[in-house]
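Welcome! Here is a short briefing to read alongside the sequence and the 3D view. Take a moment to look at both before you go on.

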Amino acid sequence: MSELMQGAQFAKSYVNTFLNCDIPSRLTKYRSGWNLDARELPNPQLYLTYEPIALDHWPTVITVAISTNRFDRLMLGSQGDPLYRVNYNMRTYVWVKTEGSEEVTLMRDRLTTVLRSAILDRPSLNRHDATYGCDATIDESSLTEEFSDLTLIKGDRVLAGAYLGYDLTLNEVIYREQIVDMGEAGVTVDLETFNLRDPEEEA
């Protein structure tokens, strides 16, 4: 089967699947290192690759592609098709909700740090890549973090969010049809068979 370009849908899914597999065990290490419990540093309840109209699971992690901004031609792929390094500008959001402004701020900040450590952990990212062979790379220098204002929901329950922006680069192959040069293939065409005439002769 021919290889195909994967696009933004694959870029989002790749990071989302990696985080879903990696974050639970990473959180265990950080709880131990920071002397916290699962209430103070909870496991995300939902990982998404789109922004829903409403959130009803807390915390929620959302990974989206913002833009595709670079295509570097490398060589030919395994089947002779052009191979590219494609650069995606990505964002991974984390949304949390709990009681108290200080508590929700700490929870948001801590989860953002754990997500940061996963995104910067290239060996773990590459182990996940073994399934796909797309040589996933995140440009460490591109990483940015933005934090939202707090939103009071009901009573003392407060909503807070953050996102990590970064550049993800993947190998992608563009499948193309095999076009044969008729002359090189030794194929000749008898024009008389098609009853073709020179327009000047008919004039």
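Which side chain does the side chain of arginine 85 join in a polar contact of 3.2 Å? The partner is threonine 137. Keep in mind that this is a predicted model.

- You will find arginine 85 in strand E3, which spans residues 82-99.
- Its relative accessibility is 14%, and buried means under 20%, so arginine 85 counts as buried.
- Beyond its neighbours within four places in sequence, arginine 85 is in contact with several residues, including Arg70, Phe71, Asp72 and Leu74.
- Further contacts of arginine 85 include Cys134, Asp135, Thr169 and Asn171.

**Strand E3 and its partner**

- Of the 18 residues of E3, 13 are buried, so this strand is largely enclosed by the rest of the structure.
- E3 and E6 run antiparallel, and 17 bridges join them.

**Aromatic pairs**

- To describe a pair of aromatic rings, we give the distance of the centres and the angle of the planes.
- How many aromatic pairs are there? The count comes to three.
- One of them is formed by tyrosine 30 and tryptophan 34, an edge-to-face pair with 4.9 Å centre to centre and 75 degrees between the planes.
- Both tyrosine 30 and tryptophan 34 belong to helix H1 (residues 7-34), where they are four residues apart, about one turn of the helix.
- Tyrosine 30 is partly exposed, at a relative accessible area of 23%, and tryptophan 34 is also partly exposed, at 34% relative accessibility.
- Another pair, tyrosine 93 with tyrosine 163, is tilted: the centres are 5.3 Å apart and the planes make an angle of 55 degrees.
- Because tyrosine 93 lies in strand E3 and tyrosine 163 in strand E6 (residues 157-173), this pair ties together parts that are 70 residues apart in sequence.
- Tyrosine 93 counts as buried at 12% relative accessibility, and tyrosine 163 counts as buried at 18%.

**A charge over a ring**

- Tyrosine 163 has one more feature to look for: the charged end of arginine 91 sits over its ring, 4.3 Å from the ring's centre.

Methods: Residues are numbered from 1 along each chain as its sequence is written. This is a predicted model: local features need pLDDT of at least 70, side-chain atom pairs count only at pLDDT 80 or more; totals for chains, interfaces and linings use all residues. Side-chain values use heavy atoms; hydrogens and water are left out. Helices (H or I, at least four residues) and strands (E, at least two) are DSSP runs, numbered from the N terminus. Buried means under 20% relative accessible area, exposed over 50%, partly exposed in between (1.4 Å probe, protein chains only). A polar contact is a pair of N or O atoms within 3.5 Å; within protein, one must be able to donate a hydrogen and the other to accept it, and residues adjacent in sequence count only if both atoms are side-chain atoms. Contact means heavy atoms within 4.5 Å. Rings of Phe, Tyr and Trp (its six-membered ring) pair if their centres lie within 6.5 Å; planes under 30 degrees apart count as stacked, over 60 as edge-to-face and the rest as tilted. A charge sits over a ring if NZ of Lys or CZ of Arg is within 6 Å of the ring centre and within 35 degrees of the ring normal. Two strands pair if DSSP finds at least two bridges between them.
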